[in-house]
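Please read these notes beside the model. They are meant as numbered points for discussion.

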Amino acid sequence: MLTQTTTRVLEPSDLGAALAVLESEPVENAFVTSRVQVAGLDPWRLGGEMWGWYTEGRLRSLCYSGANLVPVCVTPEAVRAFADRARRTGRRCSSIVGPAGPTAQLWRLLEPHWGPARDIRAHQPLMVTETTAPDIEPDPLVRRIRKDEMEVIMPACVAMFTEEVGVSPMAGDGGLLYQARVAELVGSGRSFARIDGDRVVFKAEIGAATTQACQIQGVWVDPEYRGRGLSETGMAAVLRYALADVAPVVSLYVNDYNTPARAAYRRVGFREVGAFMSILF
């Protein structure tokens, strides 16, 4: 019997209730929802635990605890409960990421125990669109990456990750997990690029996909090709694929200090609807 408020690790039998929480905010929760829809709640398949916070016997909030710690639809009381569980289990994640307000509260409670962080991105605008911009012509050379092009796309993925996160994804396990993730996106038809000769000059992926919303990630332009508008025409091409083949709403989040990227995304048709926060370890 559940107490008035309690937290516990969810089980496969809790899938319906968990999806109901996740689908209440389809854009904010696209990352976690996409994982749960594919893997369910079994920790081995999910790649982590899903914690649930209950009040009056009803599941109200979630927190995904895997490579990332992600609060989902949390109240201040749920944040405190999840922070207490995270303190007791110890840090097993490489980042905390989620809606800015709850994530900031979670970090305030965890920082004395887990800090210091390697980097904090306190305000990352969340942007969405349901349409393509009529005045931006999609780059006709941007296309899906084939499975036999892993060796072509991988260096660009590593360069993007290193530039964005500040560490190479090839460290630690030699890049095995990262290569597997890239291969997963390529295999599912969610990796896109413009390749000139044997050189990737633009790339992006649809990193999370549900029937309600998807999220673009990993946008990168070869440094020698920047300033030519490739990010706009390339994003327009990826956006066209996403809206036609994946979901009716497309989202992304971007660092607030990346003024050129934010301007480019606005020109392609995105608008800001909220903010995320990331704490990197």
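Which residues of helix α7 are buried?

1. The buried residues of α7 are Y178, V182, L185 and V186, where buried means under 20% relative accessible area, exposed over 50% and partly exposed in between, with a 1.4 Å probe and protein chains only. They lie on the same side of α7 because they cover an arc of only 100° around the axis; the arc is that of the directions from the helix axis to the C-beta atoms. An α-helix has 3.6 residues a turn, so residues three or four places apart point the same way. The face of α7 turned away from this buried side carries the exposed L176 and L177. Among the elements covering the buried residues are α6 (150-165), β8 (191-196), β9 (199-209) and β10 (214-221), contact being heavy atoms within 4.5 Å.

2. On the source: this is a predicted model, in which local features need pLDDT of at least 70 and side-chain atom pairs count only at pLDDT 80 or more, while totals for chains, interfaces and linings use all residues. Residues are numbered from 1 along each chain as its sequence is written, and side-chain values use heavy atoms, with hydrogens and water left out. Helices (H or I, at least four residues) and strands (E, at least two) are DSSP runs, numbered from the N terminus.

3. Two helices can be checked for length, the expected span being 1.5 Å times one less than the number of residues. For α7 (residues 176-187), twelve residues should span 16 Å, and the end C-alpha atoms are 16 Å apart, which agrees.

4. What does α5 pack against? Its buried residues, including W107, L110 and W114, pack against β4, α4, β5 (95-99), β6 and β12.

5. Strand β6 (residues 119-129) is joined to β12 (residues 271-280) by eight bridges, and the two run antiparallel. Four bridges join β6 to β11 (residues 250-253), also antiparallel. Strands pair if DSSP finds at least two bridges between them. P125 stands opposite A275 in β12, and T129 opposite V250 in β11.

6. The largest nonpolar core has 28 residues, and I216, M235, V238, L252, Y265 and F270 have the most contacts inside it. Such a core is a set of buried Ala, Val, Leu, Ile, Met, Phe, Trp, Tyr and Cys residues joined through side-chain atoms within 4.5 Å. Its largest share, seven residues, comes from α8. Among the residues that L252 touches are P125, M127 and Q215. Apart from this core lies another, of 24 residues, among them V36, Y54, V72 and L126.

7. Some backbone values deserve a look. Most residues other than glycine have a negative phi, and most peptide bonds are trans. E56, in the loop between β2 (49-55) and β3 (58-65), has a positive phi of about 55° and counts as exposed at 58% relative accessibility. C73 has phi near 55° and counts as partly exposed at 26%. The peptide bond from G115 to P116 is cis, with omega near -5°.
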